[in-house]
Amino acid sequence: MTKAQTYQEVLEEIKAVIEGETSMTARYATASCLLAQRFDYFFWTGFYEVDPLKNDELVVGPYQGTLGCLRIPFSRGVCGACATQKKTIIVEDVHAFPGHIACDSQTNSEIVVPVLDKDGELAAVLDVDSTSLNSFDAEDQKGLEAIAAILHI
């Protein structure tokens, strides 16, 4: 099965499980779990949500993996850059990314995708880390963006 086919299959699985679910926690938890189980190069897979009380800060949400950072300001790291720009960021080598936050020193590459609510406002970012360099490509971007697009009701 190709990577594109795997993403399509996971997308359909996530859709089926979250259909009718009104809890964003449950929707994000489902997506993180199914993604982490399907891709062996995903070391950390999860969500950082916009804090409703501090709208310039992300707070850790549902995830699969080692301990994540609890909070990330929009001004720091790959997740903060994604939140500020509202666009997907692929980093081949996180150690070369200015302002990278090392939540786990085993991470070497990363992709972060914005998750927008139905009004087009940033609700969260989907963060996926890998222990290998240069793990993520345009196919990952396309697949993860499609998944991010179905998460909000």
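Modeller: Start with the lining of the largest cavity: helix 3 supplies the largest share, three residues. Helices and strands here are DSSP runs, numbered from the N terminus (helices H or I, at least four residues; strands E, at least two).

Biologist: What kind of model is this, and how are residues numbered?

Modeller: This is a predicted model, in which local features need pLDDT of at least 70, side-chain atom pairs count only at pLDDT 80 or more, and totals for chains, interfaces and linings use all residues. Residues are numbered from 1 along each chain as its sequence is written, and side-chain values use heavy atoms, without hydrogens and water.

Biologist: How many cavities of 30 Å³ or more does the structure hold?

Modeller: First, the idea. On a 1 Å grid over the protein atoms alone, a cavity is a set of points where a 1.4 Å probe fits but cannot get out; lining residues have an atom within 4 Å of a point. Points are joined across faces, edges and corners, and the volume is the space filled by probe spheres set on them. Here, the structure holds one cavity of 30 Å³ or more. About 160 Å³ of space lies in the largest cavity.

Biologist: Which residues lie nearest the centre of the largest cavity?

Modeller: Ile-101, Cys-103, Glu-110, Asp-127 and Asp-129, from a lining of 18 residues. Strand 1 (44-51), helix 3 and strand 6 each give at least two residues to that lining. By class, the lining has nine nonpolar, five polar and four charged residues. Nonpolar covers Ala, Val, Leu, Ile, Met, Phe, Trp, Tyr, Cys and Pro; charged covers Asp, Glu, Lys and Arg; the others, Gly among them, are polar.

Biologist: Is Gly-80 buried or exposed?

Modeller: Relative accessible area decides: buried is under 20%, exposed over 50%, partly exposed in between (1.4 Å probe, protein chains only). Gly-80 sits in helix 3. Its relative accessible area is 0%, so Gly-80 is buried. Contact means heavy atoms within 4.5 Å. Leaving out residues up to four places away in sequence, Gly-80 touches Leu-58, Ile-72, Pro-73 and Phe-74. The C-alpha atoms of Gly-80 and Leu-58 are 7.7 Å apart, with the two residues 22 apart along the chain.

Biologist: Where does Phe-47 lie?

Modeller: In strand 1. Phe-47 is buried because its relative accessible area is 0%. Its C-alpha atom is separated by 5.6 Å from that of Val-125, 78 residues apart along the chain.

Biologist: At what angle do helix 1 and helix 4 pack?

Modeller: Two packed helices are described by the angle between their axes and the distance between the axes. Axes are lines fitted to C-alpha atoms, for helices over the stretch in contact; angles run from 0 to 180 degrees between N-to-C directions. Helix 1 (residues 3-18) and helix 4 pack at about 10°, axes 10 Å apart. The pair is therefore roughly parallel (under 35 degrees; over 145 is roughly antiparallel, 65 to 115 roughly perpendicular, the rest oblique). Contact residues include Tyr-7 and Leu-11 of helix 1, and Gly-143 and Leu-144 of helix 4. By class, the contact has eight nonpolar, one polar and three charged residues.

Biologist: What is the phi of Lys-86?

Modeller: Most residues other than glycine have a negative phi. Lys-86 has a positive value, near 55°. Lys-86 is in the loop between helix 3 (77-85) and strand 4 (89-91). At 38% relative accessibility, Lys-86 is partly exposed. Asn-134 also has a positive phi, near 55°. Asn-134 lies in the loop between strand 6 (122-130) and helix 4 (138-149), and is partly exposed at 48%.

Note on methods: 1 Å grid on protein atoms, 1.4 Å probe; cavity = no way out; pocket = protein on both sides within 12 Å on 5 of 7 lines; lining within 4 Å.
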